[in-house]
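The sequence and structure come first.

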Amino acid sequence: MEKKTWYLSPIELFIITTIRSIRLELGITGEEISTFLKKNPKYIGHIESNAHNGKYSDEVLSNVAIYITEKAKEKQKELIDNNDITVIKTEYTIHDFYPVEILSDEKIIKKIDPIPTGSGPTGTINALIEATNFFRKAKTLAEVVAKANKVQDQNWEASNFTQVLENAVKGKNKRLEVILNDSGLNTYILPKKQKKV
């Protein structure tokens, strides 16, 4: 069966990719936002998928801005608590998701890249977790850095990823597991799905 091609306005596609980039950089899953919106857990995933015709309404965008603001403030507090002087944007409104320049009204094919170009280490790792098979097999830190550098054409070092990976393996939204390989090195892999009882 042939996949359906969906069309959106350039503005609708811009909004989808902008929100996706922001949430990946902040380490927010689509499921988290969907739950906050009191929608199906796959709601955001469908909007961000090329296989669905989903898009955001202004009402949903307002609520997404509230949630992203809440999470950005938590992230900024976490950075401060860890003596990190990095300052991030902590206030979002619906206007932050719209383009600054005027875009065409002509419909275009809905195409969302698995890994947003220009993402930092956090966004890149979160995109690799969500949108690729990269972590289906255990990867060392060196392999993670090499892959991220390749997809973003960067020269990042291991130190750019230690906090990102630490965040991915802990907490209620644990996205990766750490296992020791035969050489005694930490490796990172997607957690096994829990069987529902």
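Val144, Val145, Ala148, Asn149 and Gln152 are the buried residues named for helix 6 (buried: under 20% relative accessible area; exposed: over 50%; partly exposed in between; 1.4 Å probe, protein chains only). They lie on the same side of helix 6 because they cover an arc of only 125° around the axis, the arc being that of the directions from the helix axis to the C-beta atoms. An α-helix has 3.6 residues a turn, so residues three or four places apart point the same way. Exposed Ala142 and Lys150 sit on the face of helix 6 turned away from the buried side.

The model is predicted: local features need pLDDT of at least 70 and side-chain atom pairs pLDDT 80 or more, while totals for chains, interfaces and linings use all residues. Residues are numbered from 1 along each chain as its sequence is written, and side-chain values use heavy atoms, without hydrogens and water.

Helix 6 has 12 residues and reaches 16 Å from first to last C-alpha, close to the 16 Å expected at 1.5 Å a residue (1.5 Å times one less than the number of residues). Asp153 follows helix 6 and has a positive phi, near 50°. The cover over the buried residues of helix 6 includes these elements:

| Element | Residues |
|---|---|
| Helix 5 | 121-131 |
| Strand 3 | 139-140 |
| Helix 7 | 162-168 |

Helices (H or I, at least four residues) and strands (E, at least two) are DSSP runs, numbered from the N terminus.

Ile129 lies in helix 5 and is buried, at 9% relative accessible area.

Definitions and conventions
Contact = heavy atoms within 4.5 Å.
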